[in-house]
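Biologist: Hi! I'm new to this one, could you walk me through it?
Modeller: Happy to, let's open it up.

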Amino acid sequence: MSLSKKLAILTVVAVAAGVGGALSDYVLSSGVTTKAVAASAAASRVPASKAEMQLSFSPVVDAAAPAVVNVYATRRVQQRARSPFFDDPFFERFFGGNGFGQPRERVERSLGSGVIVDPSGVIVTNHHVIKGATEVRVALADRTEFDADIILDEERTDLAILKIRDPKQAFPSLPFADSDELKVGDLVLAIGNPFGVGQTVTSGIVSALARTHVGISNYQFFIQTDAAINPGNSGGALVDMNGRLVGVNTAIFSRSGGSNGIGFAIPANMVRLVAEGAISGKGIERAWFGGSLQMVTADIAEGLGLDRPRGVLVTALDEDGPAEEAGLEVGDLLLQVNGKDVDSPDAFEYRYATVKLGAEAELTILRDGREKVLTVRTATAPERPPRDAVLIDGYSPFGGATVYNLSPAVAQELGLDTGLKGVVVAKVEQGSTADRLGVRVGDIIRRLNGEVIRTTRVLEILTEQNFRLWRMEIERNGQTIKTTISG
């Protein structure tokens, strides 16, 4: 029987089941019984009557919309008036590229959305909505406004947590859904303030799950939806048909700046982790795996004897880390975390990061052609050695950079492999010497003028010297960069 005829039979059965028609337990040519199709159709089906087509999302909106707020962020930036000689290398050499004008203050404003997740006035929004903000104000759906404080701001997840200042009332809030229960095709609503026109609701479906390589945050794992999302929707709510928060809208794929039907939301399970850390005052605590993973390509899959690429390959293990203690070995193929498939290092990192600390995670692996389940007890990454933060000043190439000793905890904070050792750049002051020379957060300083840099104090001593030339060796994204700079 042709595929079109099979689909026709399935459609007839599904519609019949939807209207409650009695069906015998016939076996279709595809091998699927009519009872199985009927059971599936009863749980999820198309409208079967005119009355059903006139159903409305308004009850969901009535419940969810009051918990979605507008977020107004203000930044006050010190800026020097630009001199006509600013671009001349001769003058820049003497004035350090700062121009000649007196500093003046410029006010920048941004608009986004947020979601109240606790009646005490705790609000989730995006990091990029309030980045660098000196003042934040939120407006509820009824147009009442409140000042808010930033109690947690994390660029890695592109999430920030706000708290309404001096609340005098309980606020409407949204409960979290288990975002792992979402399925492609589920109906969702996006609520926010696109283009600053006021609160707006759009509907759509979940068009994809576990989207990676989006380039929005370190945790590359997003819900994709075709519900219209536009500038100003960032930080707004993505809700299911039960009025629960399934995600926080964070980005769109667009060439024009408007919605093209591809929007991305941070899953609620990650949002909950960040929000609970902020509410408890402990900050964000994530499980440490203690190993490095690699995507399985078609060539690797063939070498492992797989019929297709799947899972992630264990390429390195930290000494005495949780993965090693659980019995993992280099070369193991990691297939699932707690029964959820992982097909990329990003997907694994998300799944493992959202496991509750202290709980046991079941890892399904493939070793020597056989599947095996190992149990890992989750724990936080240790800070050994202590980070010993040092702000480098003076006229060295690292002037204005804050450096830490690398440990599993520091590496995890910065999104680096937790087995790395040495000294890493943790912060770079804007406009500093390090900033102008292109030093970046995450750079590992290997050598300076031939000296191996093993601790922050060694680097501090070296940068206090008056060298005519600075020979630097930096590791960035696994590549070594060598350069020489005149003092």
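Here is a short chat about some strands, helices and rings.

Biologist: What should I know before I start?
Modeller: This is a predicted model, where local features need pLDDT of at least 70 and side-chain atom pairs count only at pLDDT 80 or more, while totals for chains, interfaces and linings use all residues. Residues are numbered from 1 along each chain as its sequence is written, and side-chain values use heavy atoms, with hydrogens and water left out.

Biologist: Okay, strand β7: why is it described as largely enclosed?
Modeller: Because 5 of the 6 residues of β7 (residues 187–192) are buried. Buried means under 20% relative accessible area, exposed is over 50%, and partly exposed is in between (1.4 Å probe, protein chains only). Strands (E, at least two residues) and helices (H or I, at least four) are DSSP runs, numbered from the N terminus.

Biologist: And which strand do the 3 bridges join to β7?
Modeller: Strand β10 (residues 237–239), and the two run antiparallel. Strands pair if DSSP finds at least two bridges between them. Leucine 189 stands opposite valine 239 in β10.

Biologist: What about leucine 187, how does it count at 40% relative accessibility?
Modeller: Leucine 187, in strand β7, counts as partly exposed.

Biologist: Switching topic: how many aromatic pairs are there?
Modeller: The structure holds 6. Rings of Phe, Tyr and Trp (its six-membered ring) pair if their centres lie within 6.5 Å; planes under 30 degrees apart count as stacked, over 60 as edge-to-face and the rest as tilted. One of them is phenylalanine 146 with phenylalanine 171, edge-to-face at 5.3 Å centre to centre and 90 degrees between the planes.

Biologist: Where do those two sit in the chain?
Modeller: They link distant parts of it, 25 residues apart: phenylalanine 146 is in strand β5 (residues 145–154), and phenylalanine 171 is in the loop between β6 (159–164) and β7. Phenylalanine 146 is buried at 18% relative accessible area, and phenylalanine 171 is buried too, at 4%.

Biologist: Why is the pair of phenylalanine 348 and tyrosine 352 called stacked?
Modeller: Because their ring centres are 5.5 Å apart and their planes are at 15 degrees. Both lie in helix α10 (residues 345–353), 4 residues apart, about one turn of the helix. Ring pairs also link Phe289, Phe348 and Tyr352 into a cluster.

Biologist: Are phenylalanine 348 and tyrosine 352 buried or exposed?
Modeller: Phenylalanine 348 counts as buried at 4% relative accessibility, and tyrosine 352 counts as buried at 2%.
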